[in-house]
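Subject: Structure handover

Hello,

Here is the structure I promised you. Please open it alongside this note; my findings follow below.

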Amino acid sequence: MLKGRIIKNISNSYVVKAGDNYYDCKARGKFRNLKETPLVGDLVTIDEVNNYILKIEPRKNALNRPHVSNIDIALIVTSLKKPDLSLNLLDKEIVSIILENIKPCICFTKLDLLDKKELKEFTKLREYYENIGIKTFTNANLKELKKFLMHKYVVLTGQTGAGKSSLINMLDNTKNIQVDTISESLGRGKHTTRHTEFYQIKDIYIADTPGFSSLLLDKYTDLEIKNTFSEFKDATCKYRNCWHLKEDGCQIKEKVAKKEILESRYRNYISFLKEVK
Ligand SMILES: Nc1nc2c(ncn2[C@@H]2O[C@H](COP(=O)(O)OP(=O)(O)OP(=O)(O)O)[C@@H](O)[C@H]2O)c(=O)[nH]1
Ligand SMILES: [Mg+2]
Ligand SMILES: [Zn+2]
């Protein structure tokens, strides 16, 4: 018996990394009876002679889309153009990642498509997210990103065409993951990336995943959503349980008016609350 970690899954076949060795394993029937499916990222015990997964350790977190577990960082790959920046989608990803008990970070892409004015606006936006406690990177400074991701299990998420597969190829030019041109990938409504796998890039384990074009928050409560907005935390509104909506004496609404809170963040907060009601 050996302990290891599932780093790749294609249909019923799981590649388990144990030490420096890789084992092609099947899941045992008992998992099917228990309605438990091994996930990429799972810490497992295997029978390395008969190539079976015997036991799955409890997970510290698990994502459904992409289907991975025990993630240290979710890197939200966000393009500034082509597809255009959607702050609604970005904030939604941040909310759902926090509520899945994973640390969100952002990697902005396609800065090269911005003009000077747009770059300036982008810098301000980036600072805002840094100030609310979310680390931000760009694919124009890979050194910084690599240093931060070292020794971590990372999942890339983000809209289709954002540049997730390209980012992995940039981090390691031996990987040659298929990337698609944006017109093609959006036009056909298909995704280039199909299976789930942690790629090892030096000491970084990184999962590329199929992109999405929309995301649902319906499994969360309004209170859970409110609590993910860290800029609301120390508010001293008139009412202690203020929802920052129509109440008077709301400090958050004042801060939005004074532009201390990004208006898009506030608008997205309201739209997410509507979505779960
Ligand atoms: N100009 C520019 N193009 C980029 C950049 N990063 C990626 N691209 C292009 O964007 C297109 C989409 O990139 P992918 O890496 O396939 O995007 P993805 O996020 O993996 O997309 P899915 O697999 O569909 O989810 C490709 O044509 C890339 O060459 C960038 O920083 N600048
Ligand atoms: Mg891809
Ligand atoms: Zn309030």
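At what angle do H2 and helix H9 pack, and how far apart are their axes? The angle is about 65°, and the axes of H2 and H9 lie 10 Å apart. The two helices are therefore roughly perpendicular to each other, since angles of 65 to 115 degrees count as such. The crossing of H2 past H9 is right-handed. On the H2 side, the contact uses Leu87, Asn88, Asp91, Lys92 and Val95. On the H9 side, the residues are Ser264, Arg265, Asn268, Ser271 and Phe272. By type, this contact holds three nonpolar, four polar and three charged residues.

Please keep in mind that this is a predicted model.

Two backbone details deserve a look.

- Lys82 to Pro83: this peptide bond is cis, with omega near 0°. Pro83 sits in the loop between strand E8 (73-79) and H2.
- Ser11: phi is near 40°, a positive value in a residue other than glycine. Ser11 belongs to the loop that runs between strand E1 (2-10) and strand E2 (13-18).

Last, confidence. The average pLDDT of the protein is 90, and 91% of the residues score at least 70. One stretch stands apart from that picture: over residues 181-191, pLDDT stays under 50. For residues 181-191 the model has 13 contacts beyond four places in sequence. Where pLDDT is low, the predicted coordinates should not be read in detail.

Best wishes

Note on methods. Residues numbered from 1 in each chain as written. Chains lettered and ligands numbered in written order. Predicted model: local features only at pLDDT ≥ 70, side-chain atom pairs only at ≥ 80, totals over all residues. Axes fitted to C-alpha atoms, helices over the stretch in contact; angles between N-to-C directions. Helix = DSSP H or I, 4+ residues; strand = E, 2+ residues; numbered from the N terminus. Parallel < 35°, antiparallel > 145°, perpendicular 65-115°, else oblique. Left-handed = near helix turned anticlockwise from the far one by under 90°. Contact = placed C-beta atoms within 7 Å. Nonpolar A, V, L, I, M, F, W, Y, C, P; charged D, E, K, R; others polar. pLDDT = per-residue confidence, 0-100.
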